[in-house]
Amino acid sequence: METALALRALEKSFSSHRVVDGISLDVPKGCFYSLLGPSGCGKTTILRMIGGFGEPDAGEIVLNGKRLNGLRPYERPVTTVFQSYALFPHLTAAQNIAFGLERRGEAPAAIAPKVNRMLELVGLQEKAGRMPANLSGGEKQRTALARALVVEPEMLLLDEPLSALDPALRKRVRIELKQLQKQLGITFLFITHDQEEALSLSDQIAVMNKGKIEQIGTPQEIYLTPATRFVAGFLGAVNWIDGIGVRPEATRISRATPGNGARTVDAQVETSVFLGDCFHVQTRTSAGVTVTAQVSHKDEPFANGDRVHVWWHAADELPVRE
Amino acid sequence: MKQGRFLGVFAAGVYAFLHVPLLILCAFSFNRSKFTIWEGFSLEWYRQMFADGQLGEAAWNSLVIALASTVLATAIGTLCAYGLWKKNSKWLSGSLYLSLVTPEIVTGISLLALFQWVFRYWQVQLGMHTVILAHVAFSIAYVLLVVMARLRTAEPALEDAALDLGASEWEAFRLVTLPILKPGIAAAALLAFTVSFDDYVITSLVAGVDSETLPMVLYAMARRGANPVVSAISTVIFLGFGALILLSERMQKNP
Amino acid sequence: MNRLRALFLAPSAAFTVVLFLAPMAIIVGYSFMTRGVYGGVTGPWTVENYQRLFDPLYGVILWRSLVMSTLATALCLLIAFPLALFIARAEEKRKNIYLYLVILPFWTSFLVRTYAWMFLLRDSGLINSVLLSLHVIQKPLPLLYNETAVVVGLVYGYLPFAVLPLYSNLERMDKNLLEAAADLGATQWETIRRVVLPLCAPGMRAAGVLVFIPCLGAYLTPDLLGGGKSIMIGNLIQNQFTTARDWPFGAAISLALMALVMVLLLALLRRDGEEAL
């Protein structure tokens with residue numbers, strides 16, 4: 001697949017603290033690509049360097065064959081959806097969207113239809129004349145998205161654009177965002193610390209920690225075959241039993257001795273938490289390790305203090321190195 | 001709630017202390033008598049005030065000086081606030097804040113010393129221009145203070161967003177930050193206008209024969225003794241400033 | 001960006017250098033020179049002007065300025081604290097009006113505000129007229145042209161400087177603290193003394209410095225309300241540059257005053273940081 005964005009050995013330090021430490025990656029054209037990591041892992045710094053808000057100390061940023069290093073933000077063919085949306089408070093939604101087209105010197109006659117098409121695309125025709133202060137959170141987010149997309153950037157940078165929305169809305173907007181990206185075919189570089197968001201949206205994910213990339217892969221790859229303990233732990237809960245990682249949903253417990261082929265340890269039930277769709281049963285092994293198993297309603301109920309066998313299939317062990 | 005009542009009474013007392021002297025002054029400007037005994041309503045002192053040519057000239061001078069220095073100081077101070085907001089310059093912001101707390105008399109004599117020194121080499125004299133220069137110099141810090149307070153509440157990502165969408169740095173300032181700053185700039189201009197129009201100490205030191213201002217005339221009249229015309233002028237200034245502030249409040253509420 | 005920023009800062013930098021720093025530098029220079037025969041300044045260089053600051057003749061004026069400024073500052077704090085507390089505890093929608101009423105006279109000409117007190121206090125002023133007509137007194141009380149009148153004028157002039165920082169300090173304070181202290185059995189006065197006042201210390205310091213500095217440099221108030229008798233540093237400086245025509249000495253007093261102001265400000269900034277102001 002053709003590469004849209006290539007980062008080559010990118011480095012950036014703030015007062016001797018290396019925030020971005022040798023990042024190299026390729027974002028394929030038309031890809032929904034996520035940088036996933038905890039806050040402070042350097043992902044936002046990378047996004048800002050691509051946007052032109054800070055130069056790397058070393059390394060290259062290449063977009064569709066063109067080197068972006070040293071270009072001012074307004075010289076770069078990328079646009080950003082900011083975490084706070086950064087809508088201009090003195091301009092209406094439509095004027096916000098028209099801003100980029102006007103800066104590019106497009107004729108007023110050409111601007112209006114483009115703005116209208118964009119408003120329609122994000123479903124904001126009714127709100128065109130509203131000031132940002134009179135828009136809801138979701139409407140602001142869509143205005144920011146429309147404002148960044150209307151100038152037809154070669155790539156869209158999204159800096160945690162869903163984090164300001166309430167959880168219920170976030171799930172809905174997630175689906176809309178994914179559909180929009182597929183529809184337009186524009187390359188998205190999406191920054192998030194929310195693994196569920198990254199897994200559900202992305203074609204590819206780069207998991208970052210402490211300024212370095214831990215693993216790059218599809219959502220399935222990084223969830224099912226995490227390369228490092230950090231990736232395994234960051235993407236979901238893991239039971240670590242003698243250095244072997246098993247996700248709670250792959251961990252079974254039973255009173256009877258499990259059949260052949262299963263790996264097993266003895267444990268005692270500590271608590272059992274009902275989560276609606278399942279139970280999380282927390283046990284303690286004889287070695288003193290806490291292990292959580294996801295148990296369906298249909299399984300036999302467990303009481304605190306029950307002596308049980310914790311077991312799993314070898315195939316479900318996470319193949320982490322270290 | 002004994003304490004609450006005590007506070008209320010106390011506050012009423014302080015407000016009386018702040019406002020009653022001015023209200024009395026205004027009231028007696030309408031007194032028929034020259035003395036501080038009420039003898040009936042009269043506009044005599046206002047008539048005398050408007051008939052006084054020297055007063056009129058001084059008021060005109062004050063207005064010209066205040067307008068000129070307000071325009072200049074507001075422009076310079078706003079640009080300065082923006083520049084310092086982007087990246088602080090310790091010597092500049094430090095000097096400007098120091099100028100704000102410098103006693104007026106020190107500012108006045110130092111400017112006088114400077115002008116006298118310059119005039120030794122350059123044949124000019126004290127006049128309107130020196131007053132305006134002095135006023136701009138001490139008003140910049142006031143403008144900086146007000147505009148900076150507004151900038152501190154502005155979101156830095158807004159300018160990033162403008163640059164990101166293709167605006168140059170100048171366009172980002174002109175099209176995004178400047179419109180957002182408007183209420184702050186208006187407030188700063190109002191403050192600059194009042195401090196300029198009101199200044200006596202610095203002005204009296206750097207003014208020439210042709211640039212007597214209203215506060216200078218007012219000062220001379222006040223020193224000479226009781227004069228109801230001073231009360232009349234005070235009332236006009238009081239009401240004038242009051243109207244100006246109300247106007248600016250209106251403007252800030254419905255832009 | 002750097003070019004645009006430089007362009008933006010250039011005018012203010014030019015004004016600051018030419019019309020603030022250069023004049024100050026001239027004053028520093030003058031303060032080490034000798035008074036000329038016809039006024040003006042000449043050589044030789046000397047520190048005599050600074051030594052004269054300790055001359056009892058001038059020392060008494062400097063001392064008076066310090067005492068009157070301290071008194072005015074103390075009175076301002078004493079008046080401002082309950083008022084700030086009143087405003088901070090008022091209903092939300094009324095707070096702005098109350099604050100506005102504090103600032104409003106401040107927007108009026110300082111000269112007019114000072115004149116208003118002359119109008120009240122002078123021999124033929126309102127207070128004396130009323131008292132005379134009521135036959136409470138037989139001849140006018142000497143209310144104007146004394147130190148009391150000056151202190152009243154200073155308090156009147158700079159009270160808002162004390163109210164605003166105290167108000168913002170009280171406003172930031174957790175309202176639950178007041179209630180909690182009352183719940184624990186403290187009377188309201190004890191609450192104020194033991195909880196509110198200690199927490200208000202930064203506001204008190206800021207308010208104190210903000211009032212003390214302009215009081216110390218006051219010129220108009222002692223001039224108009226004190227007459228020739230209760231002059232302060234500001235009047236002494238003005239006198240050296242006009243009537244006495246001793247510029248070097250005037251410059252030395254100015255710098256001593258500036259030094260005092262800067263020491264106070266720096267002390268406050270070191271203690272409470274930049275947010276203090």
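Across the interface of chain B and chain A, 3 salt bridges are found, a salt bridge being a side-chain nitrogen of Lys or Arg within 4 Å of a carboxyl oxygen of Asp or Glu. In one salt bridge, the side chains of A:R103 and B:E171 meet at 3.4 Å, N to O. The structure is a predicted model, in which local features need pLDDT of at least 70 and side-chain atom pairs count only at pLDDT 80 or more, while totals for chains, interfaces and linings use all residues. Residues are numbered from 1 along each chain as its sequence is written, chains are lettered from A in the order in which they are written, and side-chain values use heavy atoms, with hydrogens and water left out.

The contact (heavy atoms within 4.5 Å) takes 22 residues from chain A and 18 residues from chain B. The area buried between the two chains, that is, the accessible area (1.4 Å probe) lost on putting them together, summed over both, is about 1,700 Å², with 63% given by carbon and sulfur atoms. Of the area that chain B buries against chain A, B:D160, B:D164 and B:L165 supply 39%, more than any other three residues.

Within chain C, helix α1 (residues 2–31) packs against helix α13 (residues 247–272) at an angle of about 120 degrees, with the axes 7 Å apart; helices here are DSSP runs (H or I, at least four residues), numbered from the N terminus, and axes are lines fitted to C-alpha atoms over the stretch in contact, with angles running from 0 to 180 degrees between N-to-C directions. The contact is made by residues including C:M24 and C:I27 of α1(C) and C:W247 and C:P248 of α13(C).

Terms used. Helices (H or I, at least four residues) and strands (E, at least two) are DSSP runs, numbered from the N terminus.
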